[in-house]
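Here is a short report on one protein chain. Keep the sequence and the 3D view open while reading.

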Amino acid sequence: MYKRPSQAIEQLVRRGDEVTQRLLAFARVEERFPEPVAIGPLIDDVVERIRRECPDTIVIQKKYDAALPEVTGVKSELQQALMNICLNARDAILLHAPSGGSGVVTLEATRSRVTEDLTPALLLPVGTDCVALRVTDTGTGIRQ
């Protein structure tokens, strides 16, 4: 995919800014406190960023109900975790797809409840309402 020089420069500046912000956050000795985070806008932002990182042969989809409740967390950490998972999905498609690097990455959020098998990992009581985030891709995965 050809990008105009101004687009490439703009993209590099954005990436540089993001890396700088992450390094500054890492270097700071400050506590980050969980706060209410709206999932819809978070997903919208992650999808917008991921689209800039993917070729046109990869379709990025999002699925969520606008009425999802807020979750409690550190927004930048949630955003970074979703970005990393989505970039891994992109790489699974680009590096290991027999279709030559075309595929679909889907980021989905649904209302859910904590089940007995999830309780130990989430440290929440069974039956607690929560939001489940799922990233799927059509890549073949990493061969071992």
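Thr106 sits in strand S4, which covers residues 103-113. The model is predicted. Is Thr106 buried or exposed? Thr106 counts as buried, because its relative accessibility is 8% and the cut-off for buried is under 20%.

Which residues does Thr106 touch, leaving aside those up to four places away in sequence? They are Gln61, Lys63, Arg134, Val135 and Thr136. Gln61 also takes part in a polar contact: its side chain pairs with the side chain of Thr106 at 3.1 Å.

## Ile60 in strand S2

Ile60 belongs to strand S2, residues 58-64. Ile60 is buried too, at 7% relative accessibility. Its contacts, not counting residues up to four places away in sequence, are Val47, Ile50, Arg51, Cys54 and Val105.

Now take a residue from much later in the chain. Ile60 and Asp137 are separated by 77 residues in sequence. In space, their C-alpha atoms are 9.3 Å apart.

## Gln11 in helix H1

Helix H1 spans residues 5-27 and holds Gln11. Gln11 is buried, with a relative accessible area of 10%. How far is Gln11 from Glu53 in space, C-alpha to C-alpha? The distance is 9.2 Å, and the two are 42 residues apart in sequence.

## Cysteines

How many disulfides does the model have? The count is zero. Take Cys86. The closest cysteine sulfur to its own is in Cys54, 8.3 Å away. A disulfide needs the two sulfur atoms within 2.5 Å, so the sulfur of Cys86 is too far from that of Cys54 for a bond.

Cys86 is buried, with a relative accessible area of 4%. Cys54, its closest cysteine partner by sulfur distance, is one of the residues that Ile60 touches.

## The whole chain

The chain has four helices and five strands. From the N terminus on, their order is α-β-α-β-β-α-β-α-β. Contacts between residues 24 or more positions apart make up 73% of those with a separation of 6 or more.

How much of the chain is buried? Of its 144 residues, 25% count as buried. The accessible surface of the chain is about 9800 Å². Carbon and sulfur atoms account for 56% of that surface.

How values were computed:
Residues are numbered from 1 along each chain as its sequence is written. This is a predicted model: local features need pLDDT of at least 70, side-chain atom pairs count only at pLDDT 80 or more; totals for chains, interfaces and linings use all residues. Side-chain values use heavy atoms; hydrogens and water are left out. Buried means under 20% relative accessible area, exposed over 50%, partly exposed in between (1.4 Å probe, protein chains only). Helices (H or I, at least four residues) and strands (E, at least two) are DSSP runs, numbered from the N terminus. Contact means heavy atoms within 4.5 Å. Accessible areas come from the Shrake-Rupley method with a 1.4 Å probe; for residues, only the protein chains shown count as cover. A polar contact is a pair of N or O atoms within 3.5 Å; within protein, one must be able to donate a hydrogen and the other to accept it, and residues adjacent in sequence count only if both atoms are side-chain atoms.
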